[in-house]
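Take a look at the model below. We will go through its ring pairs and then its charged pairs.

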Amino acid sequence: MTTAHDFAFKQLNGAAPVALKDFAGKVVLLVNVASACGLTPQYGPLEKLYEDRKAKGLVVLGAPCNDFGAQESGTEGEIGSFCETHFGVTFPMTEKVKVNGKNRHPLYAELVQAPDAHGMAGPVTWNFEKFLVLPSGEVHRFRPNVKPDAPEIVALIEANLPA
């Protein structure tokens, strides 16, 4: 049986690939991000979650995505610079990926099967859709309008942190 831990991404900075199995035992919040989106300010709460909980076992993983109207059209260097300069992002970022369609990253083909709080699965609806992968491999899905620091996300993270 395939789980989220069976997949890897190339890193935005060109360093060695990020394998989700390297985060086994941790809570991973995977978010498809974009620099020119109305939801781009969510980078701030994502970074705060990461900074406050990384020592306890939280990994935030940003996956730049240009699937929604050219909202992430920069180069990987430009994306990294934007995130660091405007939001102080220190959490790991993947290369630019597709989250929908026939060429989507294989992990997203698995993640989109997870239902949200209303029982709806299917394609990623917009930038900043969040998938919380628990140490057990269980996936919880939060739609873009649910902020990263929403009580339901924070409570689920806190309840599953290993440390």
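How many aromatic pairs does the structure hold? This is a predicted model, and the structure holds seven aromatic pairs.

Start with Tyr43 and Phe91. Their rings form a stacked pair. The centres are 6.5 Å apart, with 25° between the planes. The planes count as stacked because the angle is under 30 degrees. Where do the two residues sit? Tyr43 lies in helix H1, residues 43-53. Phe91 lies in the loop between helix H2 (76-87) and helix H3 (106-111). The two are 48 residues apart in sequence, so the pair ties together separate parts of the chain. Both Tyr43 and Phe91 are buried.

Now turn to Phe68 and Trp126. Their ring centres lie 5.3 Å apart. Their planes meet at 40°, so this pair is tilted. Phe68 is in the loop between strand E4 (58-64) and H2. Trp126 is in the loop between H3 and strand E5 (130-133). Here the parts tied together are 58 residues apart in sequence. Phe68 counts as buried, because its relative accessibility is 11%. Trp126, at 35%, counts as partly exposed.

Ring pairs also build a cluster. It links Tyr43, Tyr50, Phe82, Phe87, Phe91 and Phe128. Tyr43 and Phe91, the stacked pair, are among them.

Next come the charges. The structure holds seven salt bridges. One of them joins the side chains of Lys48 and Asp52, at 2.7 Å from N to O. Why are these two about one helical turn apart? They are four residues apart in helix H1, and that spacing gives the turn. Lys48 counts as exposed because its relative accessibility is 51%. Asp52, at 39%, counts as partly exposed.

Another salt bridge joins Glu158 and Arg53, at 2.5 Å from N to O. Glu158 lies in helix H4 (residues 151-160), and Arg53 lies in helix H1. The partners are 105 residues apart in sequence, so the pair ties together those two parts. Is Arg53 buried or exposed? Arg53 counts as buried, at 14% relative accessibility. Glu158 counts as partly exposed, at 35%.

Finish with Arg143 and Glu129. Their closest N and O atoms are 2.9 Å apart, in a salt bridge. Arg143 is in the loop between strand E6 (139-142) and H4. Glu129 is in the loop between H3 and E5, 14 residues apart from Arg143. Both Arg143 and Glu129 are buried. Shared partners join Asp116, Glu129, Arg141 and Arg143 into one network of salt bridges.

Key. Residues are numbered from 1 along each chain as its sequence is written. This is a predicted model: local features need pLDDT of at least 70, side-chain atom pairs count only at pLDDT 80 or more; totals for chains, interfaces and linings use all residues. Side-chain values use heavy atoms; hydrogens and water are left out. Rings of Phe, Tyr and Trp (its six-membered ring) pair if their centres lie within 6.5 Å; planes under 30 degrees apart count as stacked, over 60 as edge-to-face and the rest as tilted. Buried means under 20% relative accessible area, exposed over 50%, partly exposed in between (1.4 Å probe, protein chains only). A salt bridge is a side-chain nitrogen of Lys or Arg within 4 Å of a carboxyl oxygen of Asp or Glu.
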